[in-house]
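Please find below a note on the structure under review. It is set out as numbered points, to be read beside the coordinates.

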Amino acid sequence: MLLFLFYVFLFLVVTAGLILGIPPIRRFLVTGQLLKVFRKMLPQISQTEQEALDAGTVWWEGDLFSGKPDWKKMLAYPKPQLTAEEQAFLDGPVEELCAMLDEWKITHDLKDLPPEVWQFIKDQGFFGLIIPKQYGGYGFSALAHSEVVMKIGSRSGTAAVTVMVPNSLGPAELLLHYGTDEQKQYYLPRLAKGQEVPCFALTSPHAGSDAGSMPDFAIVCRSEFEGRPDVLGMRVTWEKRYITLGPVATILGLAFKLYDPDRLLGGEEDLGITLALIPTRTPGVHIGRRHYPLNGAFQNGPNWGKEVFIPMDWIIGGPEGVGQGWKMLMNCLAAGRSISLPATSVGAAKLAARTSGAYSRVRTQFKVPIGYFEGIEEALARIGGNTYMMDAARVMTAGAVDLGEKPSVVSAIVKYHLTERGRQAINDAMDIHGGKGICIGPRNYLGRTYQQIPVSITVEGANILTRNMIIFGQGAIRCHPYLLKEVNAAHDNNLDRAILAFDEALAGHARFTLRNIGNSIVYALAGKYIKTNSPDNCAPETADYYRQLARFSASFACIADIGLMWLGGSLKRRERLSARLGDILSMLYLCSATLKRFEDDYRPGADLPLLHWSMQDALYRLQQALDEFLTNFPVPTVVGWVLRGLMFPLGKRCKPPTDALTHEVAKLMMEPGVVRDRLTSGIYLPMAEHEPLADLEQALQCVIECGAIETKLRQAVKSHKVTEYGSQQIAQALQQHIITAEEAALLNKLNELRNRVVKVDDFSPDLGVETKTGSGGNNTLRSIQNDPVGGKRAASHESDRNAEATD
């Protein structure tokens with residue numbers, strides 16, 4: 001009987017080997033049948049989805065998805081650095097611009113940047129940061145672009161948005177990549193010098209994130225134009241909203257669907273999404289109205305037009321750009337997602353770190369600095385750890401762009417996670433500041449940032465959408481070494497070619513999955529003994545983090561494959577599962593960036609508490625995401641047990657940061673020194689007298705200098721040698737020679753600075769309402785008068801809109 005079973009087993013093994021080992025037999029009996037099943041499982045992919053999948057490049061995220069990241073390759077990426085010219089621009093015009101900005105005046109009084117600031121931004125070429133020098137711009141790196149936006153953002157959200165939009169997704173970048181030579185020669189110098197103010201209109205009221213459903217359209221036709229008869233062009237009808245710089249723009253980038261019912265272009269009727277540049281002075285273009293996003297004073301508003309005729313050469317790229325609009329947009333999204341929004345979020349986090357650390361040491365309650373309370377320590381450590389990791393991801397991603405990458409998946413990761421962590425940092429800072437944070441006024445350095453944080457959460461793809469659908473949904477196909485090949489084969493109409501391509505990809509996929517299942521188990525059980533899991537030249541303090549990331553990379557690749565095989569196309573609809581897989585990939589990337597930062601900074605030992613806190617927090621979050629995926633993965637219970645055993649053979653070993661580590665991080669943030677300076681480097685620190693931040697910095701320094709003196713005074717009060725209260729204590733202590741005259745002067749200075757720091761703004765009982773215009777019409781007029789670029793046009797467009805409403 002045993003011999004019979006042996007022969008049966010041997011027969012099955014040999015048969016399986018013949019079927020799987022001989023490609024023609026395998027393709028005929030196995031691959032062809034699986035391809036039919038795969039085609040049925042695969043959801044339909046729209047043209048816009050396909051172009052999104054094809055956009056950009058795969059960079060380090062591909063290694064993380066491989067289950068076997070090459071740490072030596074990551075550490076070998078050059079450290080992003082500014083040129084001397086870029087640093088001079090930051091130290092000169094950017095510093096000067098920040099000194100000109102008064103966010104309270106901008107947001108509360110003017111509802112706009114002052115005219116002199118607008119002019120300074122134009123004259124100094126802030127709209128031409130990414131435009132090459134041959135066209136009159138600076139041709140700065142992505143890192144320099146990021147540093148400029150971060151610094152301005154730490155001073156004024158309004159100014160930061162105004163500067164970043166022309167340098168992000170918009171006419172300049174689109175022209176650089178896709179414009180005709182004539183379009184580049186005309187527009188780029190004008191944009192660089194601020195002679196044109198650009199905006200780009202994509203979002204429609206009924207098609208926010210679903211750009212493929214935008215109702216805006218154009219019909220190819222012939223018409224008289226500017227005195228010329230029979231000009232080939234199109235009549236465009238659109239309605240857009242949320243368009244930043246729209247109310248003051250002189251050149252409008254517009255996305256719409258183009259149709260050619262009369263076949264004037266000789267091709268199909270439906271030509272697809274197309275982009276055009278339209279001067280806003282063109283008859284029929286309506287802009288100038290404004291939105292008011294959470295009291296943000298940056299120019300933002302709707303625009304619309306009905307059957308506006310424009311010639312074909314206004315299409316970006318000319319006639320060759322017809323139908324290429326979505327491809328253009330997807331390939332250019334890296335700037336907004338990779339650079340601008342992460343930069344503003346890091347600027348906000350650094351502001352939160354710098355101010356909260358100082359305020360926690362200066363502000364006292366129950367006779368001790370509030371930062372000594374463990375509840376405040378917890379919030380401080382979160383701010384510090386998040387800021388450290390955010391800045392690492394910002395710099396590493398900017399470096400990727402400067403290397404020529406267009407990392408579409410990484411851009412989604414940093415857009416989502418850095419804006420979310422920025423929100424967490426500002427929320428924690430507000431909790432620490434208490435009443436100081438919530439009373440809005442000229443001395444409040446957090447309030448406007450707190451108000452406007454949701455703007456960055458919402459734009460360039462709302463964060464809910466980005467997390468639940470884009471990061472893993474796009475990342476799984478783009479980063480997987482075989483899945484995109486399988487998808488492309490499934491969509492190939494040539495069956496013979498499809499089977500060959502699918503067979504090759506499937507065989508590789510099978511080996512890939514089996515390897516990662518094995519690695520996941522081995523790494524979890526004995527990862528710390530496997531030398532290749534960490535680079536030879538890494539710091540000893542970080543070696544275990546590399547090993548843990550290698551283990552989780554293998555686990556992620558394994559569970560992602562199992563999820564895709566089990567659920568197929570339905571995984572796209574199971575957004576919570578997809579989001580958790582996206583969280584795992586994101587934590588792997590953020591941790592990689594953090595480790596690289598530590599190495600690029602030459603391993604400063606003083607930064608280790610920040611490194612440990614951020615890594616331990618992220619690894620714990622990663623573990624939670626993996627655990628939640630397994631808990632909610634719709635498989636039979638026994639299969640679930642098996643998968644959990646594969647992923648966590650020794651249980652869940654990652655722990656969140658300890659209280660002791662939290663205490664170390666909080667202490668670093670409350671002490672002047674290189675660690676605090678390095679953590680918050682690149683933000684604007686005003687030095688002018690009575691600037692709120694300058695007062696706070698002076699107060700922190702004074703608190704440190706007065707530490708021993710305050711201790712002497714407290715002991716004198718406790719022993720009843722000093723019996724006076726308030727300011728008289730210092731005078732009595734001086735009179736009794738408990739402190740010296742110099743020490744008394746220093747204590748008086750500290751008291752004055754403390755009073756300035758804790759002071760909040762107050763106003764007349766009516767909040768100054770009697771000094772402002774009361775009626776809606778007057779308020780509209782006041783807003784128009786403060787618009788240095790588009791005031792008259794705004795009034796004209798408002799009149800047009802009212803006339804249309806009357807009609």
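1. The structure is a predicted model. The remarks that follow should be read with that in mind.

2. Cysteines. The search over the whole structure returns zero disulfides. Cys706 illustrates the point: its sulfur has its closest cysteine sulfur in Cys702, at 4.0 Å, which is too far for a bond. A disulfide would require the two sulfur atoms to lie within 2.5 Å. Cys706 is buried, with a relative accessibility of 0%. Cys439, by contrast, is partly exposed at a relative accessible area of 31%.

3. Ile219 finds its bridge partner in Tyr259 of E4.

4. Salt bridge between Glu691 and Arg155. Across the whole structure, 35 salt bridges are found. One of them joins the side chains of Glu691 and Arg155, with an N to O distance of 2.8 Å. Glu691 is in the loop between helix H27 (674-679) and helix H28 (692-705), whereas Arg155 is in the loop between helix H9 (142-153) and helix H10 (157-164), so the pair ties together parts that are 536 residues apart in sequence. Glu691 counts as buried, at 18% relative accessibility.

5. Salt bridge between Arg678 and Asp607. The closest N and O atoms of this salt bridge are 2.9 Å apart. The pair links distant parts of the chain, 71 residues apart: Arg678 belongs to helix H27, while Asp607 sits in the loop between helix H23 (575-600) and H24.

6. Salt bridge between Lys712 and Glu743. Here the closest N and O atoms are 3.1 Å apart. Lys712 lies in helix H29 (residues 707-718) and Glu743 in helix H31 (residues 741-758), so that the pair links distant parts of the chain, 31 residues apart. Lys712 is partly exposed, with a relative accessible area of 33%, and Glu743 is buried, with a relative accessible area of 18%.

7. In general terms, side chains of opposite charge can pair when their charged atoms come close.

8. Asp627. This residue is placed in helix H24, residues 608-632. Asp627 is buried, its relative accessible area being 16%. Its side chain makes a polar contact of 3.5 Å with the side chain of Lys652.

9. Helix H18. This helix covers residues 447-458, and its buried residues include Gly447, Arg448, Thr449 and Gln452. Ile453, Val455, Ser456 and Ile457 are also among the buried residues of H18. Just after the helix, Glu460 takes a positive phi of about 55°.

10. Nonpolar surface patch. Which residues form the nonpolar patch on the surface with about 350 Å² of accessible area together? They are Val638, Trp641 and Val642. Val642 is located in helix H25, residues 637-647. Its relative accessible area is 49%, and Val642 is therefore partly exposed.

11. Leu495 and Gly32. Leu495 is found in helix H21, residues 495-526. At 46% relative accessibility, Leu495 is partly exposed. Leu495 and Gly32 are separated by 463 residues in sequence, while their C-alpha atoms are 9.0 Å apart in space.

How values were computed. Residues are numbered from 1 along each chain as its sequence is written. This is a predicted model: local features need pLDDT of at least 70, side-chain atom pairs count only at pLDDT 80 or more; totals for chains, interfaces and linings use all residues. Side-chain values use heavy atoms; hydrogens and water are left out. Buried means under 20% relative accessible area, exposed over 50%, partly exposed in between (1.4 Å probe, protein chains only). Two strands pair if DSSP finds at least two bridges between them. Helices (H or I, at least four residues) and strands (E, at least two) are DSSP runs, numbered from the N terminus. Patches are made of residues with over 30% relative accessible area and no salt bridge: like charges are joined within 9 Å, nonpolar side chains (Val, Leu, Ile, Met, Phe, Trp, Tyr) within 5 Å. Accessible areas come from the Shrake-Rupley method with a 1.4 Å probe; for residues, only the protein chains shown count as cover. A salt bridge is a side-chain nitrogen of Lys or Arg within 4 Å of a carboxyl oxygen of Asp or Glu. A polar contact is a pair of N or O atoms within 3.5 Å; within protein, one must be able to donate a hydrogen and the other to accept it, and residues adjacent in sequence count only if both atoms are side-chain atoms.
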